[in-house]
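Please look over the sequence and the model below before reading on.

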Amino acid sequence: MRLEIKLAIGFLLTLSIFVALSVYTYLTSKEQIESSRWVTHTNEVLYSSQRLLTVVLDAETGYRGFVLTGNPKFLEPYLNSTDSIKGRLAELLRLSADNSLQQAKIKKLAVVINEKIKWGEQVIAARQFSFEDASNLVTSLKGKKLMDEIRGMVRDFQTEEKRLLVSRTAESETQIYNFSNVTLITRILIVIILLTMYWMVFVNLNARRQAEADLRNMSAEIRDLYDNAPCGYHSVNVHGLVVEMNETELRWLGYPREEVINKLTLNDLITEATYPVLEENFLLLKKRGYINNVALEFKRKDGSSFPSIVSATAIVGAAGNFLRSRSTVFDNTDRKEAEEKIKESERMFSMLFYKSPVMKAIMEASTGNYIEVNDALADFLGHTKEEIVGKTSIELNMHGHPEKREQIIKNIQKNGFVRELEMQLNSKDGKARWVSTNVDLVNLNGKDCFLSAGIDITARKEAEEKISQMNSELGKLVEEKTQKVIANEKRFRSMIERNSDMMTLATPDGKLLYSSPSLTSVLGYSEEELSTIPAFELIHPDDVHGLMEQMQQIINTAGKSFYRQHRLLHKDGRWIWCEGSVTNLINDPSIGALVSNFRDITERKQIEEAIKLAEANYREIFENATDAIYVHEIETGKVLEVNQRASEITGYTKEELLTTNPHEFITNQPEYTFEKAIDYIQKAGAGEPQLFEWLSKKKDGSFNWFEVNLKRASIAGKERILAFFREINDRKKAQLEIQKLNDELEHKVVQRTAQLETVNKELEAFTYSVSHDLRAPLRSVVGYAQILKEDYGNNLDKEGHRVTQVIISNANRMGQLIDDLLDFSRLGRKELRKANLNMDEIVHGVLRELITPENWRHHEVKVIQLKPSHADQSMLRQVWTNLISNALKYSGKKEVTKIEIGSIDENGHTCYYISDNGAGFDMKYVDKLFSVFQRLHRISDFEGTGVGLALVKRIIQRHGGTVWAEGKINEGAKFYFTLPHN
Amino acid sequence: MNNTVEILLVEDNPDDAGMTIRTLKKNNLANHILHLEDGQEALDYLFNEENKMPRLILLDLKMPRVDGIEVLRKLKADEKKRVIPVVVLTSSKEERDIIETYKLGVNAYIVKPVDFDQFVKAVTQVGFFWMVLNQPPAEI
């Protein structure tokens, strides 16, 4: 932010603070005035109230006096007072108009005062009558009370007023305190702002002063630089008037400052000779804005002159107009002299160079550009100097052998010179000319250059050239020819020698003119040996005849060849199979022999032999297989090939098998039709091997059973069906027999089953009949015996009763027997329906049935948790019923019937047991225990039919289990049975 | 309605019949019991003009000429006669007999116990039930 703005802000800030302060002061003063007014007012009120009181007191005093003395003189102040009381009251009221509370008090006070006054009047009036009256009144103290009241009220009023006074005073003080604080703060603030502003200005001023000083210093330096520079500086205005010049130039010119500045023009300071230069350049300066290195000759005061180099730039105004120049002047005197000297020597040198009869040139070593050429060279080349200078000899197409140039240049640079270098140069007209040159590497003006001097030796060269040309051409031709021949020879030699085939050149009578190296590697003979051995001796005797024959065929026809295989003798005695050709090239001038080309086919022969052998083997296997083998075409089923066995089996010859209509072989039994055959073939063709039985017809018309195996195979590169036929006549016969037997058996079984069923039915009927027909009379027997007992019992004696009872019990027994027998027999026919059984439930059910409240004796029945079983429920129930009822029955004679039932899980089966503490049995007769009708106790001891245990045994056995028992006479019996786990 | 015959006993075995009648009489279950010896006689008796409607028919199954099943069938097929309670009293325990009689609408099927005491008990119970406890329709 600029200083001005900062200052402005500071100033405005101060100003605003002032203004604020003023306003604040004004407001505070007003308040103060108000406060003091209130204080005054309060004092006034206090005073007024006090005055009122005084007056009242005065009145009091007055009337008191009167009361005491009766002197009317005392009434005066009293009367006066009462008047002034009114006035005072009114004044107070007015004064307390601002405070309604206080005013109310005054009003009250007024009332009391009036009362006092009235009282006073009363007393006075009383006094006027008598002292005693008044004194009585006074003694009543009413006056005093009233007075006290008044005093009290006034006091009260005053207290309030004083309180107000205090508070207002305090308020006023607070105000003043605040005011002084605020003003203090703002004053400090203003001071700070002012100080800040001052500081900013101060800093700024300092900075400026410093800048000024620096500027002054710099200015002096610049002035010094300008004035005392090693070159001259001046400025001229648009008219050429020198408006500024430095000391150096003034010194050079020999003028004092006053005489030049704004006095002389530049023209005045230069020699006449350089006027035009100045004029021209000045114009240029004005136009362009700068001039560089203009050579002007300055004229000194004393008339002498010196050369100078002047450069200038222009100062232009806003409109682009030239204002003045900034010019530098360099004293050129020394350089000029030097230049002159150089010029002189240059001239001399130039003369020597250009006019020499020897052809001379100067070239830049780095680029090859011609810097200078002399007249002689230029004439020689037919170019003008200008055409040559700046270009290289390459560009000018000078060199007859440009490729040599590099080497020449290198040589020169290495050695620094070259002498009598013969070069061919082309002149402009294209003519080739020869020169002999001396070249030196020199350093001219800091540059490496070639200095060449040469003489024309064209004519000599031309002659030399011609001769050499002719010679080389000749030589070339010869060379070419030779090379060609050699190359060809090489090529063919290479072909022949590298070839693994054996190549020979032989005379018709068998002499080997040439044999390729391969002969050595294949047959083992060296080349020398080969050339001495007659060729025919190397051929296997068996093959010689064939060879001769073939030879005869070609010997008379040029170019004809034959092809054969024969064995050749290896040096170590082995015969090597070879294959190749012999060509008649006897008449060919370049060959003049029989050319043979053979290769070693030993390996191939071996492979062929092996294949033949394998082939023979396979064919052997094929022909003599135990199965007949057919090869069928896939699409049509046509027989393409058969083996010997096929022919043997069918009775047809091989040819007949291939050519006979296939329908001839078909029996046309259902399942074995032509269509079915094709179907099989097609399925096999699809890639599914087929195995099936087939009925086929032989040549003699008889039928043959085959087991056929069809497979798809690749035969001789083509996809075919390979069929294997195995004769299975015997097997088939056996099969059919078995089938027949099975059928018969089946039939028999059905019959037998039917028979059995019939038998079963009959048995069922029998059982029914027995059960019904046998029981009925039994009932009658029992019944009528019973009736006898009941109705005619009186007529019977003891014996009679006994007899009747015998009848009854026997009849009952018979009935029981019949039932048991029926059960027993029914069991045999019944089907086992096995299920998972809860043995506990069954046993408990049976126990409930058998041990009823009616037949309860002292029973101790322990059932240890029984393992479940997998068996027929009703049958098992029967088992438990029989066993438990037995246990109960045979323990019936004991005091306490103890029965224990339990089960043991054993390997693969569960063993159940029931033990009792009954009569037991003699183990001697244990085998009879489970037989039908066998009993080990008398009926008189324990009744029973002897079927129960037999039934148990039968049931358990049907379940695949076993039963057995242990017993001891009179100690009890234990019965076991096992049931297998399912 | 002619109710002279209270119980019609159709039983071919005279001994069994004797026992049954004795039992019923002894228990005062009926005054007049008619005993017929085969199915034909029963049908003749029941289906004559006189419109016999006994209170209870005790029917044996295995009888010559016409067997119990046939009698039952004829009885239950007849509009009037089918209200007469028929109790089959037979020695047959065969399931097929039971099923068939029930299918024909027999009122009860009792297997004659082999034991005499049981037999007496059964007859008594049946008699008591049908003659005393059971409420017959007015026709009977």
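Predicted model: local features only at pLDDT ≥ 70, side-chain atom pairs only at ≥ 80, totals over all residues.

In it, 15 residues of chain A are in contact with 22 residues of chain B, and the area buried between chain A and chain B comes to about 1,700 Å². Over all chains, the count of salt bridges is 49.

**The interface of chain A and chain B**

- The size of an interface is often given as the accessible area lost when the parts come together.
- Of the roughly 1,700 Å² buried between chain A and chain B, carbon and sulfur atoms give 52%.
- Three salt bridges are found across the interface of chain A and chain B, and the side chains of A:D791 and B:R22 meet in a salt bridge with an N to O distance of 2.4 Å.
- Six residue pairs are in polar contact across this interface, with both residues at pLDDT 80 or more.
- On the side of chain A that touches chain B, the elements giving two or more residues are α21 (729-792) and α22 (798-829) of chain A, and the largest share, 13 residues, comes from α21(A).

**Salt bridges within chain A**

- Side chains of opposite charge can pair when their charged atoms come close.
- A:R223 and A:E244 meet through their side chains in a salt bridge of 3.1 Å, N to O, and this pair links distant parts of the chain, since A:R223 lies in helix α5 (residues 142-227) and A:E244 in strand β2 (residues 242-245), 21 residues apart.
- A:R223 is partly exposed at 36% relative accessibility, whereas A:E244 is buried, with a relative accessible area of 17%.
- A:R223 and A:E244 also belong to a network of salt bridges that links them with A:D227, A:E247 and A:R257.
- A:E900 forms a salt bridge with A:K862, with the closest N and O atoms 3.8 Å apart, and the pair links strand β24 (residues 897-906) to strand β22 (residues 859-863) of chain A across 38 residues.

**A salt bridge within chain B**

- The side chains of B:R65 and B:D38 meet in a salt bridge of 2.9 Å, N to O.
- B:R65 lies in the loop between β3 (56-59) and α3 (68-77) and B:D38 in the loop between β2 (33-36) and α2 (39-46), so the pair ties together parts that are 27 residues apart in sequence.
- B:R65 is exposed, at 63% relative accessible area, while B:D38 is buried, at 7%.

**A nonpolar patch on chain A**

- A nonpolar surface patch of about 810 Å² is made by residues including A:F11, A:L15, A:F18 and A:Y26.
- A:L15 lies in helix α1 (residues 3-69) of chain A and is partly exposed, with a relative accessible area of 42%.

Technical notes: Residues numbered from 1 in each chain as written. Chains lettered and ligands numbered in written order. Heavy atoms only, no water. Patch = residues over 30% accessible without salt bridge, like charges linked within 9 Å, V, L, I, M, F, W, Y side chains within 5 Å. Areas by Shrake-Rupley, 256 points an atom, 1.4 Å probe, with all protein chains shown as cover. Salt bridge = Lys/Arg side-chain N within 4 Å of Asp/Glu carboxyl O. Helix = DSSP H or I, 4+ residues; strand = E, 2+ residues; numbered from the N terminus. Buried < 20%, exposed > 50% of the residue type's maximum accessible area, 1.4 Å probe, protein only. Contact = heavy atoms within 4.5 Å. Buried area = accessible area lost by both parts, 1.4 Å probe. Polar contact = N/O pair within 3.5 Å; in protein donor to acceptor, adjacent residues only side chain to side chain.
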